[in-house]
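Please keep the sequence and the 3D view open while reading.

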Amino acid sequence: MSLIGRLIVIFIGFLAACFVGGMIVVVALLFPEFADLGAGPVDQGAIDILLGFGFIFVSGFALVPAAVIVAITEALYIRSALAYAVGGGVVGLACYLGLIPFHSDTLQFEGIVRRHLEIMTGAGIVSGVVYWLIAGRNAGAWRNPPPPHKPPPPLPSNSRPDAR
């Protein structure tokens, strides 16, 4: 597979992983509120808007850490689903900790909400597996040369004109 084709597959895998991660974040954060509403069905347009914002949120914050994980796995030919799940969890953790204030005097993060940390890390793990399903299974395949073509089979002996 050529490098350009591989980059397109990586991009599609990243978008799909971000969409799934955004869906998980939106549903997990809104689930307790749905139980408290008691108002009945929710407007589908509102859900679509929330899913769009979840996708934008996840893709915007996850771009740089995910690009680092993708570069490492492509360079080292890492094709394990577990590696992508762990990498996705690290990306989710990095995205969450990037939003939390860090005090350099005490060297601590202030205001970590454990449930939100678990949601972001879990969404990252699932996103990593989704990326592996689309693009990670063939990591580094663009560097392999294409297999050589087999020579054609010989012609039957009676099919050639007699060369005298």
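## Overall make-up

The protein has 4 helices and 2 strands. Helices (H or I, at least four residues) and strands (E, at least two) are DSSP runs, numbered from the N terminus. The order from the N terminus is α-α-α-β-β-α. Of the 164 residues, 25% count as buried. Buried means under 20% relative accessible area, exposed over 50%, and partly exposed in between (1.4 Å probe, protein chains only).

Contact means heavy atoms within 4.5 Å. Among contacts between residues at least 6 apart in sequence, 82% join residues at least 24 apart.

## Basis of the values

The model is predicted: local features need pLDDT of at least 70, side-chain atom pairs count only at pLDDT 80 or more, and totals for chains, interfaces and linings use all residues. Residues are numbered from 1 along each chain as its sequence is written, and side-chain values use heavy atoms, with hydrogens and water left out.

## Helices H3 and H4

Helix H3 covers residues 81–97 and helix H4 residues 114–134. Their axes come within 6 Å and cross at roughly 140 degrees. Axes are lines fitted to C-alpha atoms, for helices over the stretch in contact, and angles run from 0 to 180 degrees between N-to-C directions. The crossing of H3 and H4 is right-handed. A crossing is left-handed if the near helix is turned anticlockwise from the far one by less than a right angle, and right-handed if clockwise.

On the H3 side, the contact residues include Tyr84, Gly88, Gly92 and Tyr96. On the H4 side, they include Met120, Gly124, Gly128 and Tyr131. By class, this contact has 12 nonpolar, 7 polar and no charged residues. Ala, Val, Leu, Ile, Met, Phe, Trp, Tyr, Cys and Pro count as nonpolar; Asp, Glu, Lys and Arg as charged; the others, Gly among them, as polar.

Burial in H3 takes in Ala85, Gly87, Val91 and Cys95, among others. The buried residues of H3 pack against H2 and H4. In H4, the buried residues include Ile119, Ala123, Ser127 and Val130.

Helix length checks out. The expected span is 1.5 Å times one less than the number of residues. For the 17 residues of H3 that gives 24 Å, and its end C-alpha atoms are 24 Å apart, which agrees.

## Salt bridges

How many salt bridges does a search of the whole structure find? It finds 2. A salt bridge is a side-chain nitrogen of Lys or Arg within 4 Å of a carboxyl oxygen of Asp or Glu. Side chains of opposite charge can pair when their charged atoms come close.

Glu74 pairs with Arg6, the closest N and O atoms being 2.6 Å apart. Glu74 lies in H2 (residues 44–75) and Arg6 in H1 (residues 3–37), so the pair ties together parts that are 68 residues apart in sequence. Glu74 is buried at 8% relative accessibility. Arg6 is buried at 1%.

Arg114 and Glu118 form a salt bridge at 2.9 Å, N to O. Both lie in H4, 4 residues apart, about one turn of the helix. Arg114 is exposed at 65%. Glu118 is partly exposed at 44%.

## Gly136

Gly136 sits in the segment after H4. Its relative accessible area is 0%, so Gly136 is buried. Leaving aside neighbours within four places in sequence, Gly136 is in contact with Arg6, Ile78, Arg79, Tyr84 and Tyr131.
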